[in-house]
Amino acid sequence: MIRVEHLVKAYPGQAAGDAARVLPPALSDVSLSVARGEFLAVVGRSGSGKTTLLNILGGLDREWTGRVEVNGQDLARLHDRDLSMLRNKTIGFVFQAFHLLPHLTVIENVTLPAWFGNQDRDRAEAEGRAMQALDRVGLANRATDRPTRLSAGERQRVAVARALLNRPMLLLCDEPTGNLDAATGAAVLDIFLELNRRDNTTLVIATHESRVSEAASRQIVLETGRIVEA
Amino acid sequence: MTARAQVGLIARFLVRSRGHFAFALVGLVVGSATLAFFLALSLGIRERVLNRLYPVNQAELQIETVRLFGLGIEVPSRLDQASLAALRSLPGVTGVYPKQRSRFQARLWGGREVIGHEARVESFFDGLEPELLGNELRLSEAEVLGPEMGAVICSADADCGIGGRCNEGACHRRVWWDSFRDPGGRLPCRADSGCLPGQACFDGQCMISCAEPCTAGAACIQGACLRTCTGNASCDPGETCVQAAALGVCRRLACRLDDPRDGAGDDPEKIRGRLTSRAGMPTPGGGERCPDGTYCATDNILTASGACEAPIPVLVSPFLLEVYNRVAATALDLRRLSGLEVLLGVSFAMLYGESYFVADAAFDQRTIRRCRIVGFSQKAMDFGVTMPLAAVQRANAMLRGRDAASEFTSVVLTTARNEQLPQVIEDAKILGLVPAPRSEDARKASSMLLVLTLVFALVSLVILGISAINITHTFLMLVTERRIEIAVYRAVGARLLDVRMLVLGEAAVMGAIGGIAGCAGAWVLGRLVNVGASRVLGGVPGMPADLFLFSPVVLLVGFSCAVLFAVIGAWVPSGRAARTDPATVLTQG
Ligand SMILES: Nc1ncnc2c1ncn2[C@@H]1O[C@H](COP(=O)(O)OP(=O)(O)O)[C@@H](O)[C@H]1O
Ligand SMILES: [Mg+2]
């Protein structure tokens, strides 16, 4: 599903300039592979490069060197059009800060990926799938609410439903439970586990919570941009 | 992203940010309104005022008048067939339309049916080639009489009111413009020198001699070229199709008045005289009169014998009506005329050879001809009437002979493109021809109008440019405000192009709204200005009722400029939007 070889990512100002005061790159020589259906936890302290890795895997960040393949496609060589299609169809994102659009209803937020598909599918069909996705996260009854009226846990579940709309093979979650209390975080984690088990969805979750990493089938530990433990 | 999804998103964007757009939209509306307003005004004035005098690709030239005290070398030149041929060969010239004035004294009387009194005035007239007017008569007629075909459903002519015709179940009003052409007529003569160039005198009547081969559609009968025909319909009014040498040819019907003095009267029956036999023609049945729509035009006022002819169609200048209403009607206590339309179809008689100003011609030189007003044109004489050129040439030949009939007063030149005109005018100077004063004025006015139009168009473009800058600012702000939203779109699969098109599409929709509102506003403003102008300038001759011409092109320009400037304004912000980095926006803060 995922193959990463010698990935190096330096933000502007990193790994450059005066040799004495060089900042380490956000990711240096990262190599890893994730099989279809795996649940990989990426752990590490804040600033260790977890988010950077997930952004690159998801094609949101294109400035790096090395080799990254997702679902057999070499991300460096993909045209923006194809990379966007990959994000639309194959990858689902869940962010720590949810990023639901406040001016849209819950169901509209969940349907959003369908807007950017490359074929004009039936609107009713897209809403049907959105309802299914909401049903999976247990929020079918809140479909017409505005996200601002939901609790943090509910918002993250809506965000998960949005990520699930096009039934992606790969789910990239950046500290999905970071903004949630223990109980709601556990509920969201249960959803992930079930997705992994039932649909064979590949999960890559960045976290620093041991509860999450323990549930994973495998974990890697990042420290200042290097994998120190696999 | 599909077009439908895009439209949906743009609509949401617009509705959500409408407050931000109000200001930018005002600029677009004002800019496109100004543009459409001035373009329509300029086009209206060009089409309805200037082009009716002289279209931009036309100029009227005349012989340079000799300045008595000037030092210029006198060029003894004539504007005749030879000069016309020379003008035709000038590069860029597409049309050469000579004009000829009457060269003899004449009086006219008539008009009782419209002014309630028989007017008797000195008459001046000129002739021009009907093709010169193009579609103009038809348009000016439609302006005063409305469309040729009305919405009224009918089964018979009687359902359509006076002058209306029922055609295929719908009423058609009486149409006049197509009758402004030479109706033909007999030119009596004593010698060849009293005929037009190329004609000879046969039995007291001018005809084209077959010394040269006849043109197509004519046959040589007894030394004269006669038009061939299949029936009376293919001959001029007053002619009949007769068999000669196994061919049908047009012969003019000969007629006699009961009394020579009947020709000056106004009894319609008496004027039509009685048909008489003539050599080479079948004798008509006893007592038959000239055919419908014709009268018996005698050779001179002393004789009762003549030929059937249709009245000469004439045009009058709108200016004439104005002068009549302003001056004559008040001073002489005559009925004022409401509009040009009441003059259509009015008949009058013209007496060639008599004058209030100068001595009359000999009795046997005086001739009565009938005329009928069939239209108005700014190109018609201001004081007098305008006939088809051939009718004036016949009259000049009849009273002044061939030389007078073959010299023209002026000539209108048309060129394929406006830019060619100055060079053509320059070239024509060699022939001793200079622009007629009115033509010069029209050209100056035309250039002035062009400059003014450009200035106002520029002003509108500046307004639009300012609103484009405004749009740039508004959208830059909005793009920043919406960066999370844009980043989310990118994360769930929006392409760079999708993001860009969303912003540009939004601007285009705004531009379209502004453009439509602007054009509509310009149109409404135009109506108001028309009302105001008719109050202030209503009496100015030749002032059109509608100063504006909101042609599809004008509306399209107004609309598309608004869209274009909105899109240009949103160009930079759309690039900024596309460059929104989802990784940074979505994972920090
Ligand atoms: N947009 C950015 N510009 C510059 N440096 C950044 C940016 N994002 C992250 N970094 C730096 O890169 C390193 C890795 O950050 P990040 O991937 O966010 O770590 P984590 O998600 O594990 O907390 C940190 O040193 C951070 O300061
Ligand atoms: Mg992070």
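Which hand does the disulfide of B:Cys210 and B:Cys220 have, right or left? The torsion about its S-S bond is about 90 degrees, so this disulfide is right-handed. Keep in mind that the model is predicted.

Stay with this pair for a moment. The two sulfur atoms of B:Cys210 and B:Cys220 sit 2.0 Å apart. B:Cys210 lies in the loop between strand 10 and strand 11 (218-221) of chain B. B:Cys220 is in strand 11 of chain B, and the two cysteines are ten residues apart. Their surroundings can be compared too. B:Cys210 has a relative accessible area of 19%, and the cut-off for buried is under 20%, so this residue is buried. B:Cys220 has 46% and is partly exposed.

A disulfide is a covalent bond between the sulfur atoms of two cysteines. The whole structure holds nine disulfides over all chains. Another one joins B:Cys154 and B:Cys166, with sulfur atoms 2.0 Å apart. Its S-S torsion is about 95 degrees, so this link is right-handed. B:Cys154 lies in the loop between strand 6 (149-153) and strand 7 (165-167) of chain B, while B:Cys166 is in strand 7, so the bond ties together parts twelve residues apart in sequence. B:Cys154 is buried, at 9% relative accessibility.

Now turn to B:Cys195 and B:Cys206. Their sulfur atoms are 1.9 Å apart. Here the torsion is -85 degrees, and the link is left-handed. B:Cys195 is in the loop between strand 8 (170-172) and strand 9 (199-202) of chain B, and B:Cys206 is in strand 10 (residues 205-209), eleven residues away. Both cysteines are buried.

What about B:Cys561? B:Cys561 is buried, at 15% relative accessibility. This cysteine is in no disulfide. The nearest cysteine sulfur belongs to B:Cys519, 9.5 Å away.

Next, look at where the chains meet. On chain A, 28 residues are in contact with 26 residues of chain B. The size of an interface is often given as the accessible area lost when the parts come together. Between chain A and chain B, that buried area is about 2,400 Å², and carbon and sulfur atoms give 64% of it. In chain A, the residues that lose the most area to chain B are A:His99, A:Trp115 and A:Phe116, together 30% of what that side buries.

A:Asp80 forms a salt bridge with B:Arg490, with the closest N and O atoms 3.1 Å apart. Ten residue pairs are in polar contact. Helix 2 of chain A gives the most to the side that touches chain B, with five residues. That side of chain A divides into nine nonpolar, nine polar and ten charged residues.

Definitions and conventions. Residues are numbered from 1 along each chain as its sequence is written. Chains are lettered from A and ligands numbered from 1 in the order in which they are written. This is a predicted model: local features need pLDDT of at least 70, side-chain atom pairs count only at pLDDT 80 or more; totals for chains, interfaces and linings use all residues. Side-chain values use heavy atoms; hydrogens and water are left out. Contact means heavy atoms within 4.5 Å. Buried area is the accessible area (1.4 Å probe) that two parts lose on being put together, summed over both. A salt bridge is a side-chain nitrogen of Lys or Arg within 4 Å of a carboxyl oxygen of Asp or Glu. A polar contact is a pair of N or O atoms within 3.5 Å; within protein, one must be able to donate a hydrogen and the other to accept it, and residues adjacent in sequence count only if both atoms are side-chain atoms. Helices (H or I, at least four residues) and strands (E, at least two) are DSSP runs, numbered from the N terminus. Ala, Val, Leu, Ile, Met, Phe, Trp, Tyr, Cys and Pro count as nonpolar, Asp, Glu, Lys and Arg as charged, and the others, Gly among them, as polar. A disulfide is a pair of cysteine sulfur atoms within 2.5 Å. Buried means under 20% relative accessible area, exposed over 50%, partly exposed in between (1.4 Å probe, protein chains only).
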